[in-house]
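Subject: Structure for you to look at

Hello,

Here is the structure I said I would pass on. My notes on it follow below.

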Amino acid sequence: MEKKIRVLIAKPGLDGHDKGAKIIALALRDAGMEVIYSGLHQTLEQIIHTATQEAVDIIGLSIMSGAHLPICEKLIAMMKEAGISDINLVVGGVIPFQDIPGLKEMGVAAVFPGGTSFEEIVQGMKDLFTK
Amino acid sequence: MIKLIEEDDPKAFDLLKSLYSHSGKAFIIGITGSPGVGKSTIIDKLIAEFRKSGFSVAVIAVDPTSPFSGGAILGDRLRMQGHATDEKVFIRSMASRGRAGGVSRAAKDAVIVLDAMGYEIIIIETVGAGQSEFEVSNIAHSTGIVSIPGTCDGIQAVKAGILETGDIFIVNKSDNDGADVTVHQLTMITDLGNGTKWKPKVLKTIAHDGTGMEELVAAFLSHWKFMETNNLLEAKKREQETNYFTSLLKDLTLKKLLLFMENSLEYQEVLLKLKSHEINPLDAAEQMVKKINLP
Amino acid sequence: MGVAKYIKDERGGIKEVTYQSGIKVKPSYGPQDLEDRGFTYEKDLGAPGEFPFTRSLHPQSYRSRAWTTRQYTGFGTPEETNERFKLMIANGQNGLNVAFDLPTQMGYDSDHPLAEGEVGRVGMAIDSLKDFETAFAGIPLDRIGSGLTINAVATIMMAMYQATAEKFGYSKDQISTTPQNDILKEMIGRGAWIFPVEHGVRLVGDSIEYAVKELPKSNPVSICGYHIRESGATPAQEIAYAFEIARAYIDNVVKRGIAPEDFVGRFSFNFNVYGNMWEQIAKFRAARKLWAKMLKNEYGVTDKKKLFLRGLFGGGGSGLTKEQPENNIMRGAYYALGAALSGAQTTALCSFDEAYTIPTPRSALLSLRTLELLMDEVGLRDTVDPLAGSYFVETLTLEMEEKILEEMKEVEKLGGMVNCISSGLIQRKVSRQAYEFEKGLQSGEYKKVGMSSPETDKISGNAANNESSKTNVELHEYNEEWARKSKANLKELRATRDTKEVEQNLAALEKAAKTSDNVMPHLVKCCHAYATVGEMAGVFRKTFGEWNEPDFY
């Protein structure tokens with residue numbers, strides 16, 4: 001059987017802008033991945049819970065609120081505690097370029113700031129498994 | 001673990017073997033019906049009701065894989081957000097991955113795992129595609145078929161022969177016009193009898209506000225009790241086990257066959273001949289079958 | 001987004017033009033086009049200020065008054081907001097527009113776990129009446145009206161506004177508040193929803209009923225096609241869905257025995273201006289006509305003034321690009337031109353840098369000047385509805401009317417807006433369209449000037465080397481101090497208020513929520529007792545539950 005990449009597209013926090021997340025979900029589906037969409041207003045606990053149960057390969061956070069640094073820091077710590085650090089964490093949304101190195105240093109596997117093409121995102125995700 | 005099953009990882013098979021003896025305790029409910037009838041919402045409410053009674057619940061939600069891209073969006077979870085952090089609830093989304101009928105052996109395997117893990121109620125949600133009802137009935141102990149008023153799902157159910165597999169017929173969105181007509185149709189049809197002792201129930205629900213959900217849970221529980229008291233549950237489990245064996249046999253044999261074909265020179269030859277029209281598919285197949293040795 | 005689809009021939013000539021709404025455009029139009037459609041001035045246009053108001057709501061339009069422009073305020077603490085309010089009023093502004101932070105919008109207090117990182121960031125943090133008292137201290141609430149950008153907890157904010165006014169000695173019939181209060185659009189395109197659909201609509205109904213009876217100067221609902229368009233709806237759908245949303249609210253209130261005539265006149269709308277200019281102009285003219293017809297023919301409204309499609313035509317955020325941001329200055333100007341040619345009563349314009357940063361004072365000023373230029377220098381005030389009679393614009397307006405009605409019929413066939421949103425049908429459609437458009441943009445099917453596409457990349461080299469694509473984003477600052485202060489205030493509030501009174505009032509609120517009693521009077525009492533936003537919304541959460549959004553694909 002083929003190996004499918006399973007991705008959780010998650011919207012942490014209270015921000016309600018989900019257009020980007022939904023569009024990416026559709027693009028990933030069209031690229032042959034299995035996408036679980038978390039819905040809005042997710043707590044980090046819920047995201048961990050979902051990622052664990054669904055045994056996803058990638059957690060994709062869509063953050064438009066500017067709080068990506070504290071969110072990722074927290075989530076990575078929680079992932080470690082939950083024993084799911086092997087899941088790749090990627091982030092998209094409103095991310096200033098200067099924050100990308102910091103995110104990577106924390107352990108974020110890839111960053112896709114708003115405006116990144118579908119092609120780049122799909123390839124970027126696939127590349128995570130060819131290292 | 002379920003991941004390994006989905007990927008058909010060889011390790012999965014061995015793990016399943018070791019888990020199998022621990023399974024067989026859970027009560028398995030199948031919920032099927034066309035897209036949009038409210039299956040996920042119903043299941044969300046079912047989970048709540050079962051949890052109230054203290055049961056632990058696992059859900060396998062199957063969504064169709066896109067035949068074009070091979071990908072899928074698995075969104076049934078969205079309707080079950082309320083249980084997101086309940087430790088006694090496990091929700092797993094699975095894509096049909098092209099297997100006919102929308103319910104796969106992988107789902108069955110997953111049920112075994114969840115059963116072994118100790119979940120007392122396991123609910124499988126799948127899209128009714130006419131064929132899948134049969135498949136669900138191979139896994140579930142009790143099957144609920146969901147429809148909405150105004151559609152002819154009841155008549156279709158009879159046409160597709162689904163009738164035998166439905167234990168509880170649920171008419172959701174029953175606040176819409178035509179609900180009573182639909183209930184009437186289904187009641188008439190199920191009254192015709194389907195050969196088993198259990199008389200299928202027809203229930204009205206309005207899932208999004210919880211109407212009818214208590215009765216639905218009661219119906220499932222009473223079916224469970226009915227089967228246990230009449231020794232029907234054991235019989236069903238044996239039957240399903242045999243069917244599982246058959247499907248495992250088919251799968252394993254197919255795997256072996258495919259391996260054989262890949263490695264066989266004769267196969268490549270026949271394929272070339274077929275492509276260049278030297279031989280027709282029927283002769284080609286017959287020829288290959290003769291070559292199969294079962295070591 | 002919003003760009004028409006152009007099919008060109010080998011020499012760059014345009015073979016086909018299709019607008020987002022689905023309308024195809026011919027190379028030229030003439031009298032025959034209007035004749036074929038049975039166009040008449042009386043039926044389809046009406047004189048300016050006369051039914052069906054296609055040309056204008058008022059006979060003189062800009063000749064008597066230029067359009068009104070609105071600027072948002074409210075961030076951080078109530079104290080800072082109060083200062084900003086006073087400044088704006090001193091500068092001649094006669095209406096306030098208040099933004100709230102996300103925890104407030106979502107019915108959480110500043111000390112709720114989910115509030116972390118969000119307190120005071122995108123707007124004012126309001127936890128209780130005390131905060132409102134601080135924010136509106138010294139503001140003459142009988143002369144200055146306040147627009148509140150609040151939806152899921154609009155009932156709470158309206159009640160709090162009334163309580164504040166009463167605390168300052170005003171009576172409720174003196175004050176004017178305009179909460180956005182459009183929960184259905186939140187569910188389609190903005191995401192700040194809490195309760196399930198029917199309960200959200202019930203709350204809107206409660207607030208309208210209450211406003212009719214108790215808040216005569218207030219406008220309880222501002223229906224936003226704006227956000228629906230931002231999420232991927234076509235211009236025709238923007239209007240159609242807004243009208244169907246209006247219908248859902250109207251029907252809810254009518255069921256309570258209140259005549260449409262008594263409240264529809266106070267509805268206002270919020271529509272978007274980006275995209276193809278002609279499509280927008282036709283959209284607005286058709287919208288005015290259809291709204292008047294709908295109210296007159298379907299709801300029996302006869303008072304002329306109450307048939308007006310009052311609203312703000314503006315924004316345009318989705319049309320702007322991160323790449324080559326200066327282009328957004330021109331885009332803004334053209335979008336504003338479209339709004340002016342449409343006779344927009346009220347307008348606002350996104351700043352050119354809004355795609356990647358909080359507007360700087362300079363860019364905010366540029367937007368203001370853009371709008372001023374149209375009114376005061378380039379001639380948009382000279383005459384009413386200058387495009388009337390144009391073979392193209394009138395034909396397009398008629399076609400747009402058809403398209404809007406088509407989209408409305410589809411929603412009605414599927415059981416109305418509440419049904420469509422509950423089942424996810426609208427969200428699905430809109431997301432799909434957004435996806436298809438984005439795909440088209442990335443493949444070069446749709447063209448946005450200045451953005452890299454396969455075509456331009458061939459000419460100018462790899463997109464990654466394109467300097468302008470590296471425009472960086474800047475964000476709303478977050479000040480820890482705001483959160484600390486709010487949390488401290490909350491602690492003090494809980495310690496000093498009359499707990500028993502709070503509990504009693506919350507219990508009464510719960511009772512009303514459980515039945516069909518209007519929640520508003522109870523909310524006002526709760527506010528006076530210093531119940532917190534989180535507590536009041538908590539009662540609703542308990543009674544109504546939270547919405548599980550449907551799938552969208």
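Helix packing and the chain interface

In this predicted model, the axes of helix H4 (residues 105-117) of chain B and helix H9 (residues 232-263) of chain B come within 11 Å and cross at roughly 125 degrees. Axes here are lines fitted to C-alpha atoms, for helices over the stretch in contact, with angles from 0 to 180 degrees between N-to-C directions; helices are DSSP runs (H or I, at least four residues) numbered from the N terminus. H4(B) and H9(B) are therefore oblique to each other (under 35 degrees counts as roughly parallel, over 145 as roughly antiparallel, 65 to 115 as roughly perpendicular, the rest as oblique). Arg105(B), Lys108(B), Asp109(B) and Ile112(B) of H4(B) are in contact with Tyr244(B), Ser247(B), Leu248(B) and Asp251(B) of H9(B) (heavy atoms within 4.5 Å).

Helix H10 (residues 265-275) and helix H11 (residues 281-291), both of chain B, have axes that come within 10 Å and cross at roughly 175 degrees, which makes H10(B) roughly antiparallel to H11(B).

Between the chains, the contact takes 27 residues from chain A and 27 residues from chain B. The rule finds one salt bridge across this interface (a side-chain nitrogen of Lys or Arg within 4 Å of a carboxyl oxygen of Asp or Glu). Glu54(A) and Arg77(B) meet in a salt bridge through their side chains, at 2.6 Å, N to O.

Residues are numbered from 1 along each chain as its sequence is written, and chains are lettered from A and ligands numbered from 1 in the order in which they are written. Local features need pLDDT of at least 70, side-chain atom pairs count only at pLDDT 80 or more, and totals for chains, interfaces and linings use all residues, while side-chain values use heavy atoms, with hydrogens and water left out.

Regards

Technical notes: Helices (H or I, at least four residues) and strands (E, at least two) are DSSP runs, numbered from the N terminus.
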